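Please look through this structure with the notes below beside you. They are meant for someone meeting it for the first time.

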Amino acid sequence: MADSLLGIVGDGFVLIASDASASRSILRIKEDEDKIALLDSHKMLAGAGPTGDRVQFSEFIAKNVKLYKYRNNLTLSTHATANYLRGELAESLRSSPYQVNLLLGGWDKQNGASLYFIDYLASMHKMDFAAQGYAGYFALSTMDRYYRKGLSVPEAVAILKACIRELALRLVIAQPNWIIKIVDKDGVREQEHIQGKEIEINTSDLMKQQMSAGKEKEEEEEMRS
């Protein structure tokens, strides 16, 4: 799929980045498409796929999540929402399947921040980092190299920017603009709106951050012992 989605879990937050291009066939129609839908104050759903399926399914899920809250006076957890998404995709798979791949990010009091990978065949898995679309071919190795537990927001943003920079350099499809959103205990909000070609990332800086974080942990363990 021509859409690209990136997600990463940090210390009490989830970041999701999506390209902002809307295209059909060989034509790019617009460069400010927001593919990250707001489900409620503490959940966001990013979709990759044909515009009709992506928009219709995202709106259908958002409205039903709100309907459940009004009917039951209870807000679904991120895990429950992920299972509801999976169930709807599995049911439609037998009749009129949605061609959408999804990243669900959320925060709740019970489980904290969590990220779920859900594809159009209704497979679901909780992840520390994930990618959908062509981004997976380029970004997963970078995420695997630099990801660690307990990332701060600037560290997680730097990893996403490194992935976006690689896509801008190597992917034949132009995806010039990106939207990054964050969800934490304070809710969902836009973190940054960036242009891939303008990103300057020095991977040695990421390595230095990892080394300094590792040293801090070692010092903390020594103090405790």
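This is a predicted model: local features need pLDDT of at least 70, side-chain atom pairs count only at pLDDT 80 or more; totals for chains, interfaces and linings use all residues.

1. The protein chain holds five helices and 12 strands. It has 225 residues, and 46% of them are buried.

2. **Contacts and surface.** The accessible surface of the protein chain is about 11900 Å². Carbon and sulfur atoms account for 50% of that surface.

3. **The largest pocket.** This pocket contains about 320 Å³ of space. Its lining is made of 16 residues. Nearest the centre are Asp40, Ser41, His42, Lys43 and Thr75.

4. **Who builds the lining?** Which element gives the most to the lining of the largest pocket? The answer is α1, with four residues. β5 (36-40), α1 (51-72) and β7 (101-108) each contribute at least two. Sorted by class, the lining has six charged, five polar and five nonpolar residues.

5. **Lys43, placement.** Lys43 belongs to strand β6, which covers residues 43-48. Lys43 is also among the lining residues nearest the centre of the largest pocket. Is Lys43 buried or exposed? Its relative accessible area is 3%, under the 20% cut-off, so Lys43 counts as buried.

6. **Lys43, partners.** The side chain of Lys43 makes a polar contact of 2.8 Å with the side chain of Asp40. Asp40 is another of the residues nearest the pocket centre. Leaving aside residues up to four places away in sequence, Lys43 touches a set of residues that includes Ala37, Leu38, Thr75, Gly105, Gly106, Val183 and Val188.

7. **Asn73.** Check the backbone here. Asn73 is not a glycine, yet its phi is positive, at about 55°. It sits in the loop between α1 and α2 (78-93). Its relative accessible area is 74%, over the 50% cut-off, so Asn73 counts as exposed.

8. **Ala122.** This is another non-glycine residue with a positive phi, here about 70°. Ala122 lies in the loop between β8 (112-118) and β9 (124-127). Where Asn73 is exposed, Ala122 is buried, at 5% relative accessibility.

Note on methods
Residues are numbered from 1 along each chain as its sequence is written. Side-chain values use heavy atoms; hydrogens and water are left out. Buried means under 20% relative accessible area, exposed over 50%, partly exposed in between (1.4 Å probe, protein chains only). A polar contact is a pair of N or O atoms within 3.5 Å; within protein, one must be able to donate a hydrogen and the other to accept it, and residues adjacent in sequence count only if both atoms are side-chain atoms. Contact means heavy atoms within 4.5 Å. On a 1 Å grid over the protein atoms alone, a cavity is a set of points where a 1.4 Å probe fits but cannot get out, and a pocket is an open set with protein on both sides within 12 Å along at least five of seven lines; lining residues have an atom within 4 Å of a point. Grid points are joined across faces, edges and corners, and a volume is the space filled by probe spheres set on the points. Ala, Val, Leu, Ile, Met, Phe, Trp, Tyr, Cys and Pro count as nonpolar, Asp, Glu, Lys and Arg as charged, and the others, Gly among them, as polar. Accessible areas come from the Shrake-Rupley method with a 1.4 Å probe; for residues, only the protein chains shown count as cover.
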